[in-house]
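Please examine the sequence and the structure shown below before reading on. The briefing that follows is grouped by topic.

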Amino acid sequence: MSLTTTSLTRAAGLCAVAGGLLFAAVQINHPPVDLALVSTTEWTIRQSMKVAMAVLTLTGISGMYLSQVRRNGVLGLIGYLVISLGFLTMLTVEVAGLVILPAIAGSSPGYVSSVLAVATNGTATQDIGLLAPLNLLAGIGYMAGGLLFGIALFRAKVLFRAGAILLAVATPLSALIPLLPMVNQRLFAVPTGVAMVMLGWSLWRTSRGRAAVAETTESRVPVAV
């Protein structure tokens, strides 16, 4: 099978759908994040899902941007770079959670507990080094990038605009998590997951439609003999 722009774009759309589904699914029945959880099989499975989610979402939003570069304009470029930085940093943090934390949970429980506290909007009792600013950068990139990229996608009028609105609204809402301690913070991730599914499916359908039009046009071009 030959690789074409259309096939790559459609693949990116499916990646966005898968990333959105994982983003929502990993929140279901998520246990409290504490030291005891880090050494369990459930932690490994959920962290692996989060790593896959970040990779798939990065691929998906790249496809969304590249499929309509001119329509996205400067705002789209800025939004794409910021949200990509957010998910790339998120990927780094999740990989550290998957590989490093379980390995040192027994020897450095205080450090691991502090990392988990920062990751869940708590306060660290020990210095956790660069993981603190990385976690902050991931949050800023996710919220600000989601807002800007969602607005750019809405203005481009190519992908499903309801999905673009949901992305632009859902990502900044995460800033309310510290102000609403009585609300399960994992619920805030679900709308973003739904937005990614909507946009990814729209990207897949749009690229499929363009391919069909291109094939029809090509079939009507007379061939010289």
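**Briefing on a predicted helical chain**

Within this predicted model, Arg-46 is buried, since its relative accessible area is 12%, a value under the 20% cut-off for buried residues. Across the chain, buried residues make up 41% of the 225 residues. The chain has eight helices and zero strands.

**Overall architecture**

- From the N terminus on, the elements follow one another as α-α-α-α-α-α-α-α.
- The C-alpha trace of the chain spans about 75 × 35 × 30 Å along its principal axes.

**The salt bridge**

- Side chains of opposite charge can pair when their charged atoms come close.
- How many salt bridges does the structure hold? The structure holds one.
- This salt bridge joins the side chains of Glu-42 and Arg-46, with a distance of 2.9 Å from N to O.
- Glu-42 and Arg-46 both belong to helix 3, which covers residues 41-66. Because the two residues are four residues apart in that helix, about one helical turn separates them.

**Packing of the helices**

- Two packed helices are described by the angle between their axes and the distance between the axes.
- Helix 5 (residues 109-119) packs with helix 6 (residues 131-156) at an angle of about 20°, and their axes are 10 Å apart. Helix 5 is therefore roughly parallel to helix 6, because angles under 35 degrees count as roughly parallel.
- The crossing of helix 5 and helix 6 is right-handed.
- Helix 6 also crosses helix 7, at roughly 160°, and the axes of these two helices come within 7 Å. Helix 6 is therefore roughly antiparallel to helix 7, because angles over 145 degrees count as roughly antiparallel.
- The crossing in which helix 6 passes helix 7 is left-handed.

**Residues with a positive phi**

- Where is Asn-29 found? Asn-29 is in the loop between helix 1 (5-25) and helix 2 (35-38).
- Although Asn-29 is not a glycine, its phi is positive, at about 50°.
- Asn-29 counts as exposed because its relative accessibility is 68%, a value over the 50% cut-off.
- Lys-157 is found in the loop between helix 6 and helix 7.
- The phi of Lys-157 is near 60°, which is a positive value in a residue other than glycine.
- Lys-157 likewise counts as exposed, with a relative accessibility of 59%.

**A nonpolar surface patch**

- Which residues make the nonpolar surface patch? The patch is made by Ile-165, Val-169, Leu-173, Leu-176, Leu-179 and Leu-180, and has an area of about 490 Å².
- One of these residues, Leu-173, lies in the loop between helix 7 (161-170) and helix 8 (189-220).
- Leu-173 is partly exposed because its relative accessible area is 38%, which falls between the 20% and 50% cut-offs.

Conventions: Residues are numbered from 1 along each chain as its sequence is written. This is a predicted model: local features need pLDDT of at least 70, side-chain atom pairs count only at pLDDT 80 or more; totals for chains, interfaces and linings use all residues. Side-chain values use heavy atoms; hydrogens and water are left out. Patches are made of residues with over 30% relative accessible area and no salt bridge: like charges are joined within 9 Å, nonpolar side chains (Val, Leu, Ile, Met, Phe, Trp, Tyr) within 5 Å. Accessible areas come from the Shrake-Rupley method with a 1.4 Å probe; for residues, only the protein chains shown count as cover. A salt bridge is a side-chain nitrogen of Lys or Arg within 4 Å of a carboxyl oxygen of Asp or Glu. Buried means under 20% relative accessible area, exposed over 50%, partly exposed in between (1.4 Å probe, protein chains only). Axes are lines fitted to C-alpha atoms, for helices over the stretch in contact, and angles run from 0 to 180 degrees between N-to-C directions. Angles under 35 degrees count as roughly parallel, over 145 as roughly antiparallel, 65 to 115 as roughly perpendicular and the rest as oblique. A crossing is left-handed if the near helix is turned anticlockwise from the far one by less than a right angle, and right-handed if clockwise.
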